[in-house]
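Dear colleague,

Please find below the structure that I am handing over to you. My notes on it follow directly after.

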Amino acid sequence: MEAINDSGYVIDEKTFNELYNAHWRDLLRYTYHFCGDLAVAEELVQDVFLSVWQRRETIGSVDMRFDRYLRRAIRYKIIDTQRAKTNEKKYECEQQLNPDTTISNQTEEAILFDDLNEQIDRLLDQLPVKCHQVYKLNRKQGMDKKEIADALSLSEKTVDHYLYNALMYLRLHLSK
């Protein structure tokens, strides 16, 4: 069964479902043979079919049988996955060999985070009192809009307005 004819027509949902049902088991077995982990194999197969579906309008013609096309796609997925695992292991080894780098990065990030919070607090102090209160209740104490409206005896629309104003003010002044 060919997925796409020479004219490069778009794969519709019915055709896609037929292709999926016809090929997913064989592709799963093929993938499992290479990676040895059923969960990973299932995820890779789903990724390939998702890619086919997402590219159904632009995939063009396939010069080979669809099962060969899928096998080639899954091989590339397996290679990408192995490459990512290798890079992850390499990063972990580097972190174990150079723990000082991690600590200094964490320290620097903590300092930058504290500076940003201080800058936000200074900017919030310039807002009207209610706007400042609404922002702090929402962002610092995690209250939702309804809870804030009840606590401050405001309408939810007013709370929305205050939050919007506070966020726009912060975005404008933090981007400078």
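I begin with helix H3, whose buried residues pack against H1 and helix H2 (38–54); contact here means heavy atoms within 4.5 Å. Helices are DSSP runs of H or I with at least four residues, numbered from the N terminus. The buried residues of H3 are Phe66, Tyr69, Leu70, Ile74 and Ile78. A residue is called buried under 20% relative accessible area, exposed over 50% and partly exposed in between, using a 1.4 Å probe and protein chains only.

Please note that this is a predicted model, in which local features need pLDDT of at least 70 and side-chain atom pairs count only at pLDDT 80 or more, while totals for chains, interfaces and linings use all residues. Residues are numbered from 1 along each chain as its sequence is written, and side-chain values use heavy atoms, with hydrogens and water left out.

The length of H3 agrees with expectation: its 32 residues (residues 66–97) should span 46 Å at 1.5 Å a residue, and its end C-alpha atoms are 46 Å apart. The expected span is 1.5 Å times one less than the number of residues in the helix.

I turn next to the salt bridges, of which the structure holds seven. The term denotes a side-chain nitrogen of Lys or Arg within 4 Å of a carboxyl oxygen of Asp or Glu.

One of them joins Lys14 to Glu18, with the closest N and O atoms 3.9 Å apart. These two residues are four apart in helix H1 (residues 13–35), so about one helical turn separates them. Lys14 is exposed, at a relative accessible area of 60%, whereas Glu18 is partly exposed, at 33%.

Asp121 is partly exposed at 27% relative accessibility, as is Lys136 at 30%. Asp121 and Lys136 also belong, with Lys140, to a network of salt bridges.

Yours sincerely
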